[in-house]
Amino acid sequence: MNELSFTVLGPSGCGKTTLLACMNEYFRKLLPGFEAGDPETFRRLGEAYANLQAEAEDNGRELIFSGGIKSTDMEQEYKFVLKDLRFRFYDFPGEWLNTGDADKALNFEEISGKAGSSSVIFAVINSPYLMQYDGKYRDYAGINEMEYVIENSLTHDDNDKLILLVPVKCEKYLASENDTALLAEAVKESFARTIELAGSSSPYFGRMAVALLPVKTMGNVHLSRFEVRNGEPVQVYRRITGQPFMPENTDQPLRYAMSFMLEQYRRNRTLFGKLFGYNTEETLTSIREGMTYFAGSEIIAGSDLLGVWDETE
């Protein structure tokens with residue numbers, strides 16, 4: 001059976017598992033035949049989604065999210081199946097991104113290796129760390145570490161690569177056009193090196209696409225403030241009265257990934273022939289059909305690698 005591998009990057013607590021849980025919930029309900037590839041994936045992501053929904057709908061005015069899946073010291077894999085196609089997402093403990101810790105050097109190399117063999121990298125961004133207090137807590141978002149992995153992944157082979165910059169916990173920053181523009185500016189400034197690698201003066205030009213896809217993983221919960229506890233910033237959220245728990249755009253990262261993979265096949269049927277048969281092409285197309293532009297989304301570089309052309313690029 002055909003399989004696609006993706007790597008999900010981000011420090012502990014940034015929202016990687018939440019994003020996967022919301023994506024799983026969306027496609028499981030709306031795309032016939034989409035299911036977890038093993039019982040453990042279904043259990044873990046189902047539990048994470050249920051906990052997220054319970055906390056988001058709690059009657060308390062303020063909350064600090066404690067649900068989801070607790071981080072471990074082990075690499076995690078989440079497997080999905082749709083018809084004749086399998087998806088495998090690699091997720092790693094956020095602590096493994098600590099390049100300054102010699103004890104974790106081998107773990108960091110493992111992340112880089114998996115990212116190098118993956119066609120798509122999801123860089124999950126904890127938006128409040130970028131946006132609040134003029135980026136005072138930016139280092140907690142793990143941007144430098146993610147950029148290092150992305151750059152290192154490009155040296156593993158000559159295949160094309162899609163980098164998805166996915167801000168989460170961003171409801172507050174999509175409230176108006178001005179707020180949305182500020183979020184986009186902050187993300188692009190933070191990932192300037194990654195974007196530069198996809199530019200015309202880079203040796204990777206023409207084989208690297210970058211897209212910005214803000215995802216509302218909660219919908220009805222906005223950041224209220226930060227509190228410093230034991231020397232660490234803690235995000236405190238407030239539930240918006242009268243608004244239901246309703247994640248938005250959780251399907252788009254996978255749709256963009258499928259658009260990229262479909263274009264890879266159409267460009268080089270010989271190279272991808274063993275992976276992409278007729279049925280697989282049909283499956284990729286069915287997911288791609290719902291790909292849209294939405295508030296804050298942008299194809300920053302390599303729109304042709306996604307099979308689309310962005311007039312703003």
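I started with Ala 48, which sits in helix α2. Helices here are DSSP runs (H or I, at least four residues), numbered from the N terminus. The model is predicted: local features need pLDDT of at least 70, side-chain atom pairs count only at pLDDT 80 or more, and totals for chains, interfaces and linings use all residues. Residues are numbered from 1 along each chain as its sequence is written, and side-chain values use heavy atoms, without hydrogens and water.

Is Ala 48 buried or exposed? I found Ala 48 buried, at 5% relative accessibility (buried is under 20% relative accessible area, exposed over 50%, partly exposed in between; 1.4 Å probe, protein chains only). I then checked Ala 48 against Leu 20: 28 residues apart in sequence, 9.3 Å apart in space, C-alpha to C-alpha.

Next I looked at the helix pair. Helix α1 (residues 16-30) packs on helix α2 (residues 39-56) at about 100°, with axes 9 Å apart. Axes are lines fitted to C-alpha atoms over the stretch in contact, and angles run from 0 to 180 degrees between N-to-C directions. So α1 is roughly perpendicular to α2 (65 to 115 degrees). Leu 20 and Ala 21 are among the α1 residues that meet α2, whose side includes Phe 42 and Ala 48 (contact means heavy atoms within 4.5 Å).

Last, I searched for aromatic pairs and got 16 in the whole structure (ring centres within 6.5 Å; for Trp, the six-membered ring). Tyr 133 and Tyr 137 pair edge-to-face, 6.0 Å centre to centre with 85° between the planes (edge-to-face is over 60 degrees). Tyr 133 is partly exposed at 42%, whereas Tyr 137 is buried at 11%.

Notes: Phe/Tyr/Trp six-rings, centres within 6.5 Å; stacked < 30°, edge-to-face > 60°. Helix = DSSP H or I, 4+ residues; strand = E, 2+ residues; numbered from the N terminus. Parallel < 35°, antiparallel > 145°, perpendicular 65-115°, else oblique.
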